[in-house]
There are 2 protein chains.
Amino acid sequence: MEGEKSSVENKQILFKGYVAGYPTEEDMVQATSAIGSLKVPEGSAAVLVKNLYLSCDPYMRGRMSEPVTKSYTQPFTPGSVITGYGVAKVIDSGHPDFQAGDLVWGITGWEEYSLIRVPQVLVKIKYTDIPLSYYTGILGMPGLTAYVGFHEICSPKKGETVYVSAASGAVGQLVGQFAKLMGCYVVGSAGSKEKVDLLKNKFGFDDAFNYKEEEDLTAALKRYFPDGIDIYFENVGGKMLDAVLLNMRNHGRIAVCGLISQYNLTEKEANYNLFCLVTKRIRMQGFIEPDHKHLYPEFLELAVEYIREGKLVYVEDVAEGLDKAPASLIGLFKGRNVGKQVVLVSRD
Amino acid sequence: MEGEKSSVENKQILFKGYVAGYPTEEDMVQATSAIGSLKVPEGSAAVLVKNLYLSCDPYMRGRMSEPVTKSYTQPFTPGSVITGYGVAKVIDSGHPDFQAGDLVWGITGWEEYSLIRVPQVLVKIKYTDIPLSYYTGILGMPGLTAYVGFHEICSPKKGETVYVSAASGAVGQLVGQFAKLMGCYVVGSAGSKEKVDLLKNKFGFDDAFNYKEEEDLTAALKRYFPDGIDIYFENVGGKMLDAVLLNMRNHGRIAVCGLISQYNLTEKEANYNLFCLVTKRIRMQGFIEPDHKHLYPEFLELAVEYIREGKLVYVEDVAEGLDKAPASLIGLFKGRNVGKQVVLVSRD
């Protein structure tokens, strides 16, 4: 069987090198490596998985930059396979908690097969009546991000006004729905008519607007929130944040989830309106999902129930084929994705 | 006695008109008005006070600007007497809670005598073994500001690292002492050698530096906090905040008390480092003292005890004479005051 072993090819997407400014597809290269067999090395506690879905997430941009300050994420290694969240099937396992056939989600590689040396980071998928790709989104990192970001960081109360930017994205669409479920008044912004329609007609936002069509964001927000914003779920940063600060109500809360408008700028956009924090007694809090992993089990049960009952819906933008992964990731930063960006590597 | 009544003169400081940029002494004018008698109008529930000490506070700059957005403070009225915190003695009272001879602190006018039409805003002074001027500072608004800002907003823990800017000011000197009392490591910055000496030798800060002598604030903070800052008590804003953000530790907290470096700028300084809020999961919270008035009684008992025991000290910069009030207020924004800026109007 030696011949069969050496014949296994593994298509991969490698990270070429550190990026300044907007990344391009050329910053990632396709390669094919041969793997000896579809078995974990003898005596290893690793797990070999076949990747089914890969996730494109904004935080990955940070991993493409040359590390200057310590961050909560490790930079990618030039010349090595890109890593990120994904859904996979266990092919072989040296670890007692996993066996062939198990479906898992967690950090994997942008390749057909990945050898996961610390399989404890993988989560076994419990519910398979829900689309597997959802474990890169609503039932994965973005889902828990929206859940803790809204419920833990924003301290929401029924009847409050909530504004969500990048509202049709992987996280934003859920924040809006959580806010509606709590009885808040919710307005979202996004960058196209199609996305705005989704917000209003699919996700049930009370209102929505295309920020690209607004010359004056401060005035736009004043129009949508004549009495001000209690809660802002911040996904974009820059000018939008300054406009929001002017429109916040006293004792407002801002959950800073991400600043996608800034990730690709070599010179960051400035903010000028932080004095509003004092005059309006605003709490502005950054957070990342890994700090709140302990809430995943309770979140999962709730989200699965809501999905089954139709109380939560989720829109994905699925690109088919590993070779589409680089363009899919780049597209995030141009707002090309409509909904959560996923890459289908294999259906099973 | 009619002749005596009409002879009472009341020296006043009037607000000339709205200011852009740095205010000058000429933005306030001295005047003398005659008051009919040293009695409250018949049937009125007002209180007539003789002002003893007047307080110069940074927030007053906001009241000198033409109102564009609603703020938590009312703008001064052009042509009218300036108002602010002060310590006063009741001369006559139409209100059952006050009688002649009572010592009070609260909002009064920049004049010798003030008729307080809503005396409920005045607090009767309970402890007179403490210098009366302290009720404009450590036992007044700045004291409660430091107390709630540090204990309520910063969520401090023993052993944490604390940085205070404008640290020798009315609020900063107390924040540093509260932090030391809790067992934190405290560094402060101020704008002169004299102030830095005070921080280290009078207030017991672990270390202190003159920010004007530092070309690179980020590097300076790195030197004083090689392992980063857990808590920043923000009094200044602008470039200092950006330098602090780069030096914050994960899960750090920033209490935004004021942004004195920005109050007199017609174009606000920009902030570029808000991405640190996410990567370091920082909570940044603005607050104002009036929201926490209910904590004053507990604060007062604690502070008085600490003052008597010598656990809290307080440095004031007392200008003698009402006519010194305009220059004293202007001086705040130039950092001329050493300690809490007070104006002595009358000793009794």
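In this predicted model, the C-alpha centres of domain 1 of chain A and domain 2 of chain A lie 30 Å apart. The domain assignment gives domain 1 of chain A as residues 2–136 + 315–344, and domain 2 of chain A as residues 141–290. The contact between them takes 20 residues from domain 1 of chain A and 16 residues from domain 2 of chain A.

The size of an interface is often given as the accessible area lost when the parts come together. For domain 1 of chain A and domain 2 of chain A, that area is about 1500 Å², and carbon and sulfur atoms give 66% of it. Which residues of domain 1 of chain A lose the most area to domain 2 of chain A? They are Tyr72(A), Val315(A) and Val338(A), which together account for 31% of what that side buries. The residues on the side of domain 1 of chain A that touches domain 2 of chain A divide into 12 nonpolar, 5 polar and 3 charged.

On the chain A side, Leu274(A), Val278(A) and Arg281(A) supply 23% of the area buried against chain B, more than any other three residues.

The table sets out the values for the two interfaces.

| Interface | Buried area | Salt bridges | Residue pairs in polar contact |
|---|---|---|---|
| Domain 1 of chain A and domain 2 of chain A | about 1500 Å² | 0 salt bridges | 4 residue pairs |

Side chains of opposite charge can pair when their charged atoms come close. Between chain A and chain B, the side chains of Asp291(A) and Arg281(B) meet in a salt bridge, with 2.7 Å from N to O.

β13(A) pairs with strand β13 (residues 283–286) of chain B in the antiparallel sense, over 3 bridges. In this pairing, Arg283(A) stands opposite Gln285(B) of β13(B).

Strands also pair inside chain B. Strand β4 (residues 83–93) of chain B pairs with strand β3 (residues 47–55) of chain B in the antiparallel sense over 7 bridges. There, Lys50(B) has Lys89(B) in β4(B) as its bridge partner. β4(B) also pairs with strand β5 (residues 103–109) of chain B, in the antiparallel sense and over 7 bridges. In that case the bridge partner of Tyr85(B) is Ile107(B) in β5(B).

Over all chains, the count comes to 30 salt bridges. One pair within chain A is formed by the side chains of Glu160(A) and Arg253(A), at 2.8 Å from N to O. This pair links distant parts of the chain, 93 residues apart. Glu160(A) is in the loop between α3 (141–153) and β8 (161–164) of chain A, whereas Arg253(A) is in strand β12 of chain A.

Notes
Residues numbered from 1 in each chain as written. Chains lettered and ligands numbered in written order. Predicted model: local features only at pLDDT ≥ 70, side-chain atom pairs only at ≥ 80, totals over all residues. Heavy atoms only, no water. Domains from an automatic or database assignment. Contact = heavy atoms within 4.5 Å. Buried area = accessible area lost by both parts, 1.4 Å probe. Polar contact = N/O pair within 3.5 Å; in protein donor to acceptor, adjacent residues only side chain to side chain. Nonpolar A, V, L, I, M, F, W, Y, C, P; charged D, E, K, R; others polar. Pairing = 2+ DSSP bridges. Helix = DSSP H or I, 4+ residues; strand = E, 2+ residues; numbered from the N terminus.
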